Amino acid sequence: MYLSPGSSSMATHIALNEVGAPFETRPLTLQKGTRAPEFLKINPNGKVPALVVDGTVLTEVAGTLFYLARAFPQVGLMPAGALGEAEAVSWMSFAASILHPAAGQGPERVSEVWRIAEQKLAGKEWCVGGKYSIADIHLFRLYWRFKDRFGLKPADHPSVQALHDRMLQRPAVKKTIEAEAKIVP
């Protein structure tokens with residue numbers, strides 16, 4: 001797995017730790033490493049994560065999370081049934097197309113989209129069907145990264161903050177944060 005500590009690839013790293021699959025990390029810096037000719041042969045888009053599975057390169061957080069959830073169904077990271085799967089994909093699409101790009105659109109947009117996330121999650125323990133899933137991993141990683149950077153207040157996002165706090169108690173999340181803190185790409 002090609003990653004950059006703390007970046008979007010962290011979600012895939014968490015999922016790898018959740019499923020217990022053996023993997024090797026290939027750390028990169030976002031500005032220099034992901035633009036290196038060697039990496040651009042792996043992912044011409046120059047982004048992490050890039051997960052190489054049996055010679056096939058999977059990119060984008062949603063794609064890698066979806067694969068891991070489906071490849072390791074016994075772990076239960078994919079919500080049950082077609083509707084549950086669609087809800088998970090919907091959450092991940094929201095994270096990738098609305099939440100993540102807001103960082104480049106200014107603090108007002110960041111506040112607006114996290115209010116929407118709070119409305120979507122309000123009153124729920126987890127994003128889909130009352131069970132932990134890949135949607136929670138994706139949402140957590142973005143909030144984990146954005147909350148301090150943009151001064152998101154827990155009182156304004158109590159459901160998202162509660163999910164964040166639950167996630168920090170998960171062994172796979174702790175393991176990932178500790179491992180990425182030690183990486184010097």
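Buried denotes a relative accessible area under 20%, exposed over 50% and partly exposed a value in between (1.4 Å probe, protein chains only). The structure is a predicted model, in which local features need pLDDT of at least 70 and side-chain atom pairs count only at pLDDT 80 or more, whereas totals for chains, interfaces and linings use all residues. Residues are numbered from 1 along each chain as its sequence is written, and side-chain values use heavy atoms, with hydrogens and water left out.

**View 1. Salt bridge between K147 and D148.** A salt bridge is a side-chain nitrogen of Lys or Arg within 4 Å of a carboxyl oxygen of Asp or Glu. The closest N and O atoms of K147 and D148 are 3.3 Å apart. D148 counts as exposed because its relative accessibility is 60%, whereas K147 counts as buried, at 16%.

**View 2. Salt bridge between R109 and E112 in helix α5.** Both residues belong to helix α5 (residues 107-121) and lie three residues apart, about one turn of the helix. Helices are DSSP runs (H or I, at least four residues), numbered from the N terminus. The closest N and O atoms of R109 and E112 are separated by 3.3 Å. E112 is partly exposed, its relative accessible area being 36%; R109 is likewise partly exposed, with a value of 25%.

**View 3. Salt bridge between E24 and R26.** The side chains of E24 and R26 meet with an N to O distance of 2.9 Å. R26 has a relative accessibility of 40% and therefore counts as partly exposed. A search of the whole structure finds six salt bridges, among them the pair E24 and R26.

Terms used
Helices (H or I, at least four residues) and strands (E, at least two) are DSSP runs, numbered from the N terminus.
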